[in-house]
Amino acid sequence: MLVSPSILSADFLHLADELRSIESAGADWLHVDVMDGHFVPNLTFGLPVIKQMKSIVTKPLDVHIMVSNPDEVAAGYVDAGADLLTFHIEPANDPVALAKFIKSKGARAGVSLRPATPVETLERVLPHVDLVLVMSVNPGFGGQSFMGDAPDRVKRISAMATRLGIREKLKISVDGGINATTGVLVGASGADVLVAGSSVFGATDRVAAIASLKAIKTSLA
Ligand code: DX5
Ligand code: ZN
C-alpha cells in the first residue's frame, strides 16, 4: 500500500519542517489539496506555494486540484512541480483531453470524483489516466468522517478497470477520513494508495501512523 499524507492537516506556519517530518516518517507521496473557494467552499494554496514546496521535497507531489476550471489551470500546476495531477471529473470540459494533456507535459494524470457522482461517469476517461482518486468525504475540508459506501465504490471501479483490461496499470487512491480502520476496508476492496490527513499529522507517532497504513494489504478484487 502506498501512503500519501495530506498536507492540508500540516501546521502551515512551519510548512518546511512539516514536509521534512512527513518525508522522514515514511510518506511515499505528498498529497497537496488545492481548493479554489468555488468548486469547494474552502480556499487553500496555489502555484507559488507548490513551487516552493517542490524546491525542498524529495518525494513525488500528488496534487489534487478541487477547482472549477481544471482545463484552464492544469498546465500551471504541472509546471509548478506536480508529479501527479488529479482533477475532478465534474467540472472538467473534456476529461480525456485533459488527461492526455497532463501526460503530454510529463506528469502522471489522475481523475477524482465526489461521493455523489456515479462511478459509471469514469468509464470513458479511465483508459487515459494513471490514477483514480475516490473521495470518501465531500471534498473541501480535512477531518471529516469516512463515508461507508466508499469501499463498494472502490470495488466497482476496480472491476471496471479489470473489464477494460487496465487494472494492472491503474492505481486506485482513496481520500477522506482514512485511518488504520477505514484503510483496511478500502484496501480489501482494491485501493492501492491511501491519502490521510488528520490521522497522520494528528498522530503523536507519525512513523507508526504511516507504517500501520502501509502494512494494509491491497486486493485486486
Ligand atoms: C478533502 C481533501 C483531503 C483531506 C483529507 O477535500 O481532499 O485530502 O485533506 O483529510 P482527512 O484525512 O483528515 O480526511
Ligand atoms: Zn485530497
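**A buried arginine, a zinc site and a pocket**

Trainee: Let's start with Arg 167: is Arg 167 buried or exposed?

Mentor: Keep in mind that this is a predicted model. Arg 167 has a relative accessibility of 6%. The cut-off for buried is under 20%, so at 6% Arg 167 counts as buried.

Trainee: Okay, on to the metal. Which residues are the protein donors of the zinc ion (ligand 2)?

Mentor: Along the chain, the donors follow the spacing H-x1-D-x30-H-x110-D. They lie 2.0 to 2.3 Å from the zinc ion (ligand 2). By name and atom, they are His 31 (NE2), Asp 33 (OD), His 64 (ND1) and Asp 175 (OD).

Trainee: What geometry does the site of the zinc ion (ligand 2) have?

Mentor: For six octahedral donors, the ideal angles are 90 or 180 degrees. Here, the six donor atoms of the zinc ion (ligand 2) make angles of 69 to 170 degrees. That site is classed as octahedral.

Trainee: How many residues apart in sequence are the parts that His 64 and Asp 175 tie together?

Mentor: Both His 64 and Asp 175 are buried. His 64 belongs to strand 3 and Asp 175 to strand 7 (residues 171–175). The pair therefore ties together parts whose separation in sequence is 111 residues.

Trainee: Which residue of strand 8 does Asp 175 stand opposite?

Mentor: Strand 7 and strand 8 run parallel, paired over three bridges. Strand 8 is also joined to strand 1 (residues 2–5), in parallel, by four bridges. Ser 4 has Val 195 as its bridge partner in strand 8, and the residue opposite Asp 175 is Val 195.

Trainee: Which residues point the other way from Val 193 and Val 195 in strand 8?

Mentor: In a regular strand, side chains alternate between the two faces of the sheet. Val 193 and Val 195 point one way, and all four residues here are buried. Pointing the other way are Leu 194 and Ala 196.

Trainee: Last one: how many residues lining the largest pocket are polar?

Mentor: The largest pocket, about 250 Å³ in volume, is lined by 25 residues, with Asp 175 among those nearest its centre. Elements giving two or more residues to this lining include strand 3 (61–66) and strand 8 (193–196). Ten of the lining residues are nonpolar and two charged, while the polar ones number 13.

Technical notes
Residues numbered from 1 in each chain as written. Chains lettered and ligands numbered in written order. Predicted model: local features only at pLDDT ≥ 70, side-chain atom pairs only at ≥ 80, totals over all residues. Heavy atoms only, no water. 1 Å grid on protein atoms, 1.4 Å probe; cavity = no way out; pocket = protein on both sides within 12 Å on 5 of 7 lines; lining within 4 Å. Points joined across faces, edges and corners; volume = space filled by probe spheres on them. Nonpolar A, V, L, I, M, F, W, Y, C, P; charged D, E, K, R; others polar. Donors = N, O, S within 2.8 Å, 3.2 Å for Na, K, Ca; no water. Tetrahedral: all angles 85-135°; square planar, octahedral: opposite > 155°, others 65-115°. Buried < 20%, exposed > 50% of the residue type's maximum accessible area, 1.4 Å probe, protein only. Pairing = 2+ DSSP bridges.
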